[in-house]
Structure formats: structure tokens, C-alpha cells
Amino acid sequence: MSFDLHDILSKFRVSSTISEYGNGHINDTYCTENPRYILQRINTNVFKNHDELMQNIANVTGFLRKVIADNYGDPDRETLTIIKTTDGKNYHEADKNNVFRMYRFISGTKTVESGATEKDMYSAGKGFGKFTRMLDKFPIDTLFETIKDFHNTPKRVLDLKEAIENDTAGRRRYIEKEIEFALDNAAFSDRVTEGLSSGVIPLRVTHNDTKINNILFDEQSGEPLCVIDLDTVMPGSMLYDFGDALRIGASTAAEDETNLDRVHFDETVFRAFAKGYIGQVRDVMTGAEAELLAFSAKLMTYECGIRFLTDYLNGDTYFKIHRENHNLDRARNQFRLVEEIAKKENVLNIIVKDLIK
Ligand code: ADP
Ligand code: GN1
Ligand code: MG
């Protein structure tokens, strides 16, 4: 580390003890003690243009503040507030690899890291659905694409094929079975991107990383309070947000569980999330979107699985890993979940139809 955290804090006019916080795969998060703030070191390897990224966040949270205030909510707690630097900027760039931003700490909240219950997932559905609905009128063309082709699944398949071809880390020989699974299933990878290009599926402001731990819930009531981790807010499809949330949320095991007998897709939890989500977006959702809700869980799980497999082949250059073969374990886990979702797809479709009635 070539930075001093206390020096960084001073750029935001804050002086406090500080420690690491949270457990994301991408950024480094810290929390100050008194007064409390969230400080994050943006992963500049993943986010190539931090200036555009912070413009997106300022733009979206600015819009949300107005919508929240118009609905008699509390903008300071229901969306993120960027703390500016002493020179009035949205971030501090110590050097080109060490870029920091600060947020107001939203107290009295909790996150769900694992073992989400049906009730938690109903609340999460409400939270992410409300986020989609509140941004329905947002001027989409003012947003930058912070990671190009982030949820372009066919492009992710091409990236995997390239990684297989290059075999940079010499690991291809260990994973013939996983490669076969990935390529055999590639046929469904373009359903959402095709719909977006033909205009059948509307382009929306989407969060694109709707893990349940990216919502702060009110500690007392359990109600969803604030959607966080806005780095990947970009133009996209609501199906990305819906599907991605279920990938972890409706799985009976953690994303990196190695005992695959423990990995199942829980349709009751799926129903709870769908109920919360649909309840919020009912008036803005189109028929084409509704038809693909159940499918989107399979698509996003497949996409994440091939991203983990690609990173494994590339020598673990993207996702933080905490043990040997971590990305491979994650990929195997996601592929098992894809099989499980595929088996239940008809049931899931019936659940969605029933909720939409
Ligand atoms: P990552 O991209 O690494 O997942 P997040 O932005 O999701 O980082 O933040 C990591 C964790 O920090 C969250 O899961 C949450 O527990 C906590 N957190 C983030 N922002 C805030 C905030 N404004 N107030 C309170 N807690 C927060
Ligand atoms: C990353 O930052 P975090 O841990 O919330 C990743 C997501 C993946 C997820 C897999 C910018 O999310 O796309 O779905 O890991 N974020 C980015 O757990 O690539
Ligand atoms: Mg996060």
C-alpha cells in the first residue's frame, strides 16, 4: 500500500481511527470510528474511468434525492451521500491506482451477508424494485457505461473462449468438464441482449450488482432502506437486476460452497423476492420483461459462472480470491445452480404468472 489512510482522510477533512469494513470482491472499504464515514478505495483495475464512475453516482443519487424528498422520505438515509474533498471533488486521487471516495455512514442499518430468509428476500425484492421504479424517468443517455458490456452475456462467452484459447495460467487441462458445460449452455446467452437490441426489452437504469448485501436494511423494522454499491449503475435491463439478486439470494449455499450437494435453488425464496420486486415495478414492467423474469435467474447465474471460470483461466486477475482454486470453486457452484434452476424453470414461470395476475 503506497498511501496513508490518515492522510487520505484529511483530504475529506476527517480525522478519526479507521478500520477495514465489509466483504466485497472488488473495492476496499473502510469505516471511520468517530465521526463515522465510509471510505472506499476504488478498484481502478476494474473501473478504468473513476471520474465517469463518480459522475454516474453523483447523477443517480442526485436524482434519487429529489424523488425521495418528493415522496416525503429521508434522502440522507435512503440514498448514498457523497462527501466531497476539501477541494470540492467527488473523490481524492492520491495517485492513479489509489483513488478514494467517501460516503455518509448510514447508521441503524444492517446488511444480510448470507443465509437470507424468505422475509429478507421479500424485503430485498422491494428494495431493488423500488430502485428500478424510482429511476424509471431518469435521463438514461446522461449515464456512462462504467464497464463496457458488463452484462453482455454473449460477449462474456467470447471472453471465456479467448481465455480457453490463451490458457495463460496453464489451467485449462483441469477443467474440461466445466468448459464443456459452459459452451453447451451458451445457446441461451443472447436472449436478453437480443431483446434489448431489437427494442422488445426496454433499456433502463439498472444497478447490475444486486447481491442482497448491497442493500442496507433498517435495523429495527427490517424494511429496505438504501441501495448501495452504485459503481455498476449503468443502462441495462431490469432482468439483470432481478436475475442477479436470485443467484445468491435464492441459493441454499454460499457462492463458493464446495459441497455441491448443498447447492439448491429455493423456489419459495424466489417467490418472496419476486413478490417484493413485482409489487414495486408492476406499473412500469412490460410483458416481455415479465416473461423472462424466471429465465433471468438462470442467465445471470450462468454469466457469473463463466466470469469466474474465465478469471480462473486467466490466473485470477479480476475477482479477489481467498484460497487456491477459489474462482474454480465459485464457477462449479454457479454451474450446479444453473442446472437446478433449469430443472425448476417451469415452476418458477408459474410463480411469476401467479404474482402478476
Ligand atoms: P463492495 O463494492 O466492495 O461490495 P460496498 O459499497 O457494497 O463495497 O460496501 C461494502 C459494505 O460496507 C456494505 O456491504 C455495507 O455493509 C457497508 N456500507 C457501504 N456503504 C455504507 C454506508 N453508506 N453506510 C453504512 N454502511 C455502508
Ligand atoms: C462482484 O463488488 P461485489 O463483490 O458486490 C462483481 C459482480 C459479481 C460478484 C460475484 C464490478 O461484486 O459483478 O456478480 O462480485 N462486481 C463487479 O460475487 O465485477
Ligand atoms: Mg457490495
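**Charges.** I counted 46 positive and 57 negative side chains in the protein chain of this predicted model, and the centres of the two sets lie 2 Å apart. Lys and Arg count as positive and Asp and Glu as negative, with His and the chain ends not counted; each charge is placed at NZ of Lys, CZ of Arg, CG of Asp or CD of Glu.

**Conventions.** I noted that residues are numbered from 1 along each chain as its sequence is written, with chains lettered from A and ligands numbered from 1 in the order in which they are written. As the model is predicted, local features need pLDDT of at least 70, side-chain atom pairs count only at pLDDT 80 or more, and totals for chains, interfaces and linings use all residues, while side-chain values use heavy atoms, leaving out hydrogens and water.

**Magnesium site.** I found the magnesium ion (ligand 3) coordinated by N214 (OD1) and D229 (OD) at 2.2 Å. Donors are N, O and S atoms within 2.8 Å of the metal (3.2 Å for Na, K and Ca), and sites may look incomplete because water is not among the atoms.

I looked up the accessibility of both residues: N214 is buried at 4%, whereas D229 is partly exposed at 26%. Buried means under 20% relative accessible area, exposed over 50%, and partly exposed in between (1.4 Å probe, protein chains only). Of the 357 residues in the protein chain, 54% count as buried.
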